[in-house]
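Have the sequence and the 3D view ready.

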Amino acid sequence: MQAVLYSIDQGGQGISASATLKGSAVTINVPAIGGTYQGNLNRDATAITGTWTQGSHPLTLNLTRATPETAWTIPPPPPRLKPMPANANPSFEVATIKPSKPGRPGKAFTVRGRRFYTLNTTLDDIMTFTYGIQQKQIVGGPAWMRTDKYDLLAEPAGEGQPNEHQWKIMIQKLLADRFQLKFHKEKQDLSVYAITVGKDGPKLTKSQGDPNGLPGLGFTSIQPAVLNVRNATMADFAGVMQSAVLDRPVVDQTGLSGRYDFTLKWTSDESQFGGMGVRVPPPANNANGPAANNLSAPAANTSDAPPGLFTAIQKQLGLRLKPTKAPAEVLVIDHVETPSPN
């Protein structure tokens, strides 16, 4: 059966979910955020005892049936913004760039309404995002481009909701203005990964999302790795794999058009996530190894661990990921400076 999840403190925008009831066993799956709830309904159907799992950390979550007196009011969803004119060439009206808090974990790129945020991002990170490249496609430049981390907050001038291309145009203008970034492009033969369609064809679900809307790609865990993809093209998928997971550029050679929804789960290794995804072998006679990173711990039952990345892509998506050599565009840094004051 269909269900809708509401996060009351984050507005009235519902998230699609599915629910099943078998005897007293309740299961609710929320694919958009990689979440699963499993519990048991009591005899008079007034309460459920269970756990919520998002990534590899189950949390106890017990539910009680609401009454008209205790039920929260679901706020109305935020009004849908009109899109920015397609021929607009926007710039940010307001933008702040601040050094990130030392020692804070994680990294993020987020759009909320008409605001663009980054958290713990280096200049290399921002360039790979806005130009759709992998870090090895940035040649030259000072070391701080790869080490100094910044938080960025910006809002566009004009009216309307920018599309993905317009957001990236604004970020590119910001880099040129605030970082005085200048570069030229060259072609070089690089070691890459190519995504192709497997021999039995793709196993992908066409997205019902806005074809002009922003894609959603995010990790709920990196060990095991859980990547939730919504309303995304194959190029978007290749982009997140090369920027966050793999150590070389990833090129889309599937020939698949359109946008897709899927969740990919795999056991990451030391070559992925910059080494953060390596699984620490558990001690002898102990199925529970130490935490591999600050995002998630290895699965308690290693016999249930998902396959490695190459096998997971083939079995779960019907695609192939293969290493090869190919000409790739690189950005050669000519000039860059630390960001100017806000």
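Arg-248 lies over the face of Tyr-193, at 4.5 Å from the ring centre. Likewise, the charged end of Arg-112 sits over the ring of Tyr-117, 5.5 Å from its centre. A charge counts as sitting over a ring if NZ of Lys or CZ of Arg is within 6 Å of the ring centre and within 35 degrees of the ring normal.

A quick word on the source: this is a predicted model, where local features need pLDDT of at least 70, side-chain atom pairs count only at pLDDT 80 or more, and totals for chains, interfaces and linings use all residues. Residues are numbered from 1 along each chain as its sequence is written, and side-chain values use heavy atoms, leaving out hydrogens and water.

Now for rings meeting rings. Rings of Phe, Tyr and Trp (its six-membered ring) pair if their centres lie within 6.5 Å; planes under 30 degrees apart count as stacked, over 60 as edge-to-face and the rest as tilted. By this rule there are 12 aromatic pairs, and here are two stacked ones.

| Pair | Centre to centre | Angle between planes |
|---|---|---|
| Phe-109 and Phe-129 | 4.6 Å | 15 degrees |
| Trp-266 and Phe-273 | 6.2 Å | 10 degrees |

Are Trp-266 and Phe-273 buried or exposed? Trp-266 is buried at 0% relative accessibility, and Phe-273 is buried too, at 9%. Phe-109 is partly exposed at 28%, as is Phe-129 at 29%. Buried means under 20% relative accessible area, exposed over 50%, and partly exposed in between (1.4 Å probe, protein chains only). Phe-109 and Phe-129 also belong to one aromatic cluster with Phe-92, Phe-116 and Trp-167.
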